Amino acid sequence: MREQVEGTSLWRRSGALRWTVRLLLIFVVFPATLWVTLDTINGRKVERKLQAIRDAGQPVTMSEAAPAPVPDDQNAAILYQQVIQVDLNNPHSNSNSLLEATGHSMLIESEFVGRGSKAAQARPVLGDPAVISIFVTLERASLRPDCVFPVGWEDGTSVAFPHRNPLHQAARWLCAKARLCVLDGDADEALRWIGVMFRMSGHMAQEPTYWAQRVAAEVQALASTELERTLSRTKPSVNATQGMLDCLGRLDVKERFNKALSGERAMVINTYGKLRRPGNGLGRMFGRFPEMKLLYCYQFRAFRPLYNADLNKYLTRMEQVVERSAQTPAPAGPKYEPPALPQRPLRFGFTLNQRQAVDMFDKSHNCLRGRDAAIMEIDIARVALALTLYNIEHGEYPATLEELQATLEWELPQ
């Protein structure tokens, strides 16, 4: 009997061993195998999608997305910098804008442009020779074909664009100047400064990011409102009206936006890559969005499947956005609902909020709508100018849009 027991294997004799092995298989080996398999699958998907982007000639890094340098005599940024005077190497420093230095920003931007009041007080400020000189510099800059500020695109996620707010401020001052011209009944002078605003918006949109398109759209909306005010209250000359039509005809919102799609995607890909590196310098972002603190786990190799799954999801979303952006207007997609944050109470009164990086970085739910609104504003402005031109030349408005179309060399928008 003893010999039979000794001849029995340890596996048969030890129930504890059998259960230990089974538990290891169930709770360790199988999950680890699944984890590695998912990582491999998502990793291959990410590589295929990144390669497809490269094959299409699109950027996958911030350096590749950076606008190409242009000669100084063609670069509007050189002249804009003379006015806004920002320190591009220190994005957190205050602007030394020449307009801000006048000490009348509150009067012009808030009171006159914002509330439409205090025109009498704004008049001497806007007529000051020094301020007029600033406006002329902005006009000269707006007439240049390109605008490339020397920001540090090679810095990746850390790149900052401190010049955008001062440029937006300069556009509000130009708006004030145009409004004052309308009050004086000088329609041609008003259109002159409105044209500068539209061209500035085109320069702002040359930076391939969503935020640049948003700032450009805000300036464009400001110019469109002032153009409507001008055409409804004054009567411009044929030359001034035709000049504004030509200006708007050169604004290509869709082309700028498509470049912004590629640039924004490259910026987020860069951000994902930076999240994987220890000491990535994204502490400020995590401080602003506490629910993103769990993304620190991307730094550890064991959590790479989460990283690849998240990046794969983002690239898939962007494929859908690019497909929809090919149409103007973009087809209506499902209503976007911000993802709810699951709250998990833990010990010591701490609440854990979790959100995927893709839900924080994806801004595509509003970008197409903003693009289509900007295109619509330009289309409406062109039609209004064409009607104004027809009225000036014929003494009356056309009875139908078909009658207007017969006098134009460009197609009226649908």
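Relative accessible area, computed with a 1.4 Å probe on protein chains only, sorts residues into buried (under 20%), exposed (over 50%) and partly exposed (in between). The structure is a predicted model, in which local features need pLDDT of at least 70 and side-chain atom pairs count only at pLDDT 80 or more, while totals for chains, interfaces and linings use all residues. Residues are numbered from 1 along each chain as its sequence is written, and side-chain values use heavy atoms, with hydrogens and water left out.

By these criteria Arg229 is partly exposed, with a relative accessible area of 22%, whereas Glu226 is buried at 0%. The two residues form a salt bridge in which the closest N and O atoms are 3.0 Å apart, a salt bridge being a side-chain nitrogen of Lys or Arg within 4 Å of a carboxyl oxygen of Asp or Glu. Both partners belong to helix H11 (residues 210-233), where a spacing of 3 residues places them about one turn of the helix apart; helices are DSSP runs of H or I with at least four residues, numbered from the N terminus.

Arg229 and Glu226 are also among the residues in contact (heavy atoms within 4.5 Å) with Arg179, together with Phe112, Val113 and Gly116, when neighbours of Arg179 within four places in sequence are left aside. Arg179 itself is found in helix H9 (residues 164-183) and is buried, its relative accessible area being 10%. A polar atom of the Arg179 side chain lies 3.1 Å from the backbone oxygen of Phe112.

In total, the structure holds 11 salt bridges. One of them joins the side chains of Arg192 and Glu139, with an N to O distance of 2.8 Å. This pair links distant parts of the chain, as Arg192 lies in helix H10 (residues 187-204) and Glu139 in helix H8 (residues 129-142), 53 residues apart. Arg192 counts as partly exposed at 31% relative accessibility, while Glu139, at 15%, counts as buried.

A further salt bridge is found between the side chains of Glu255 and Lys259, at 3.9 Å from N to O. Because Glu255 and Lys259 are 4 residues apart in helix H13 (residues 253-275), about one helical turn separates them. Both count as partly exposed, Glu255 at 37% relative accessibility and Lys259 at 45%. Elsewhere, salt bridges that share partners join Glu139, Glu189 and Arg192 into one network.

How values were computed: Helix = DSSP H or I, 4+ residues; strand = E, 2+ residues; numbered from the N terminus. Polar contact = N/O pair within 3.5 Å; in protein donor to acceptor, adjacent residues only side chain to side chain.
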